[in-house]
Amino acid sequence: MPMVWKGYLSLGGAAVPCNSTGLEIEPGFKFSDDVISSKGHVINYAQIQNAYQGTVEFPLNRDFMATLWAWAITARDTTKTVILSPDGTTVYTYPETSGKCLVKTLTITGAQNDYIKCSLDLVATGRSAAGSVPTYTATSTTNVNYTPIPYWKTSFISTTPTAYGGASDATQVVSWNVSINNNQFVLYTFDLSNDPHDIQPGLMDVTGNVVLYNATTTPIPSDGGSTIITIDNDSLTLNYLVYTKYAMEMSGPNVKATRSCDFRSIGDTTNTPIRE
């Protein structure tokens with residue numbers, strides 16, 4: 001019997017145990033509600049544009065980080081193969097033989113007492129009903145705490161103009177998340193197919209949130225500088241942070257006062273908003 005726990009996911013050749021996946025075909029239909037029968041109901045329809053997209057959620061592990069950064073940041077227009085089986089029996093490979101499967105949005109979340117989580121929105125030009133079972137990294141004492149990576153093996157550090165997150169800084173980080181939106185646009189053409197013809201990356205938009213705590217008072221951080229996100233043995237650099245919201249709300253007794261800061265990272269003539 002097909003079972004959901006027998007499902008598997010392979011992203012760019014790396015096996016990823018996932019929490020959930022919504023990657024699927026979304027068939028398009030056009031119902032001719034302007035052409036009705038004498039009985040007063042729709043009598044025909046046509047198939048229109050198909051979409052191949054969805055969200056994959058999984059815990060981040062060290063073996064997959066290099067693939068993920070390249071796919072979402074440094075080589076945004078380079079396709080990778082996604083092999084997905086929701087039940088261990090039905091298998092799909094995205095894209096089809098000669099197409100694209102790209103990252104629309106990557107969100108990384110660091111929360112206390114948890115592992116680092118990833119949410120990956122993917123978009124593809126098509127799929128085929130084939131694929132092979134991936135081999136997962138074996139769990140043993142040699143890879144505990146990096147498959148997956150726990151929250152305490154990460155840091156979110158700003159040095160200028162407002163210092164926070166470092167071991168000796170008065171202001172510490174309670175939680176953080178960052179989202180990389182590649183704003184991929186899907187192109188359909190008159191090529192005798194209702195599948196996408198091509199996918200291209202648009203404007204890279206990097207946003208996120210960091211929650212700060214200071215035992216005395218948590219200051220509003222100043223715009224500017226660069227921020228380093230360290231995840232296990234790797235790091236990402238946010239080029240220049242603009243804080244768009246920095247609320248410090250009253251939470252009631254016996255709850256520490258924190259400041260929740262939304263931000264957007266922008267690039268410059270040399271650097272992208274986020275880089276390895």
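Let's start with a pair of strands: β12 and β17 (residues 227-231) run antiparallel and are joined by five bridges. Strands here are DSSP E runs of at least two residues, helices are H or I runs of at least four, and both are numbered from the N terminus. Two strands count as paired if DSSP finds at least two bridges between them. Look along this pair and you'll find Ser-155 opposite Thr-230 in β17.

A quick word on what you're looking at: this is a predicted model, where local features need pLDDT of at least 70, side-chain atom pairs need 80 or more, and totals for chains, interfaces and linings use all residues. Numbering runs from 1 along each chain as its sequence is written, and side-chain values use heavy atoms, leaving out hydrogens and water.

Now zoom out a bit. The pair belongs to an open sheet of four strands, ordered β12-β17-β18-β21, with antiparallel pairing. At its edges sit β12 (154-158) and β21 (274-275), each pairing on one side only. Helix α1 (residues 62-74) packs on this sheet and touches β17, β18 (234-238) and β21, where contact means heavy atoms within 4.5 Å. The direction of α1 makes about 25° with that of β18; such angles run from 0 to 180 degrees between N-to-C directions, with axes fitted to C-alpha atoms, for helices over the stretch in contact.

What about the whole protein? In total there are one helix and 21 strands, and the C-alpha atoms fill a box of roughly 75 × 50 × 45 Å along the principal axes. Among contacts between residues at least 6 apart in sequence, 68% join residues at least 24 apart.
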